Amino acid sequence: MDNAQMLVALGAILFVIGLLGAVVRRNLLIMLMCLELMLNGVNVELVTFSRMHGSTAGGVLVFLVFVVAAAELAIAIPIVLLLVRRKQTLDADAFKDLKG
């Protein structure tokens with residue numbers, strides 16, 4: 001197994017672990033961390049495929065994903081903190097009454 005195959009497998013494993021964590025866990029902070037893990041798995045895949053094809057497009061996309069992830073965290077963390085102040089819990093099921 002060469003390096004590219006190992007990196008593709010690593011990216012897929014990171015994505016699947018993040019997906020399972022986001023679906024199974026009910027803690028809001030754990031769910032956010034799992035979403036970041038999924039993004040990192042995608043980043044590994046993008047860099048690997050970009051390197052395999054000799055292109056720089058994957059690196060540019062990874063940079064854009066990092067910018068979006070930073071913006072997501074900058075918005076999501078304060079929202080989670082406000083929700084925790086309101087309900088005194090991190091359990092996602094406690095916030096079902098907020099549906100519009």
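**The quick picture**

The protein chain has three helices and zero strands. Going along the sequence, that gives the pattern α-α-α. Keep in mind that this is a predicted model.

**Overall shape and surface**

- The radius of gyration of the protein chain is 17 Å, while a compact globule of 100 residues would have one near 13 Å.
- Along its principal axes, the C-alpha trace of the protein chain spans about 50 × 25 × 20 Å.
- How much of the protein chain is made up of buried residues? They account for 23% of its 100 residues.
- The protein chain has about 6900 Å² of accessible surface, and carbon and sulfur atoms hold 72% of that.
- On the charge side, the protein chain carries 8 positive and 7 negative side chains. The centres of those two sets lie 10 Å apart.
- Take the contacts in the protein chain between residues at least 6 apart in sequence: 57% of them join residues at least 24 apart.

**Helix α2**

- Helix α2 covers residues 28–53, which is 26 residues.
- From first C-alpha to last, α2 reaches 38 Å, close to the 38 Å expected at 1.5 Å a residue.
- Which residues of α2 are buried? They are Leu28, Leu32, Cys34, Glu36, Met38, Gly41, Asn43, Glu45, Thr48 and Ser50.
- Those buried residues of α2 pack against two partners, α1 (3–24) and α3 (57–87).

**Helix α3**

- With 31 residues at 1.5 Å a residue, α3 should span 45 Å, and its end C-alpha atoms agree with that at 44 Å apart.
- In α3, the buried residues are Gly58, Val62, Val65, Ala69, Ala76, Val80 and Leu83.
- What do the buried residues of α3 pack against? The answer is α2.

**A closer look at Ser50**

- Ser50 sits in helix α2.
- Ser50 counts as buried because its relative accessibility is 10%, and the cut-off for buried is under 20%.
- Leaving out residues up to four places away in sequence, Ser50 touches Ser55, Thr56, Ala57, Gly58 and Gly59.
- Ser50 and Ala4 are 46 residues apart in sequence, and their C-alpha atoms are 11 Å apart in space.

- Asp2 belongs to the segment before α1.
- Is Asp2 buried, exposed or partly exposed? At 43% relative accessibility, Asp2 counts as partly exposed, since that label covers values between the 20% and 50% cut-offs.
- Asp2 and Gly58 are 56 residues apart in sequence and 20 Å apart in space, going C-alpha to C-alpha.
- At the other end of the helix run, Gln88 is in the segment after α3.
- Gln88 counts as exposed because its relative accessibility is 65%, and exposed means over 50%.

Key. Residues are numbered from 1 along each chain as its sequence is written. This is a predicted model: local features need pLDDT of at least 70, side-chain atom pairs count only at pLDDT 80 or more; totals for chains, interfaces and linings use all residues. Side-chain values use heavy atoms; hydrogens and water are left out. Helices (H or I, at least four residues) and strands (E, at least two) are DSSP runs, numbered from the N terminus. The radius of gyration is taken over C-alpha atoms; the globule rule is 2.2 Å times the number of residues to the power 0.38. Buried means under 20% relative accessible area, exposed over 50%, partly exposed in between (1.4 Å probe, protein chains only). Contact means heavy atoms within 4.5 Å. Accessible areas come from the Shrake-Rupley method with a 1.4 Å probe; for residues, only the protein chains shown count as cover. Lys and Arg count as positive and Asp and Glu as negative; His and the chain ends are not counted. The place of a charge is taken as NZ of Lys, CZ of Arg, CG of Asp or CD of Glu. The expected span of a helix is 1.5 Å times one less than its number of residues.
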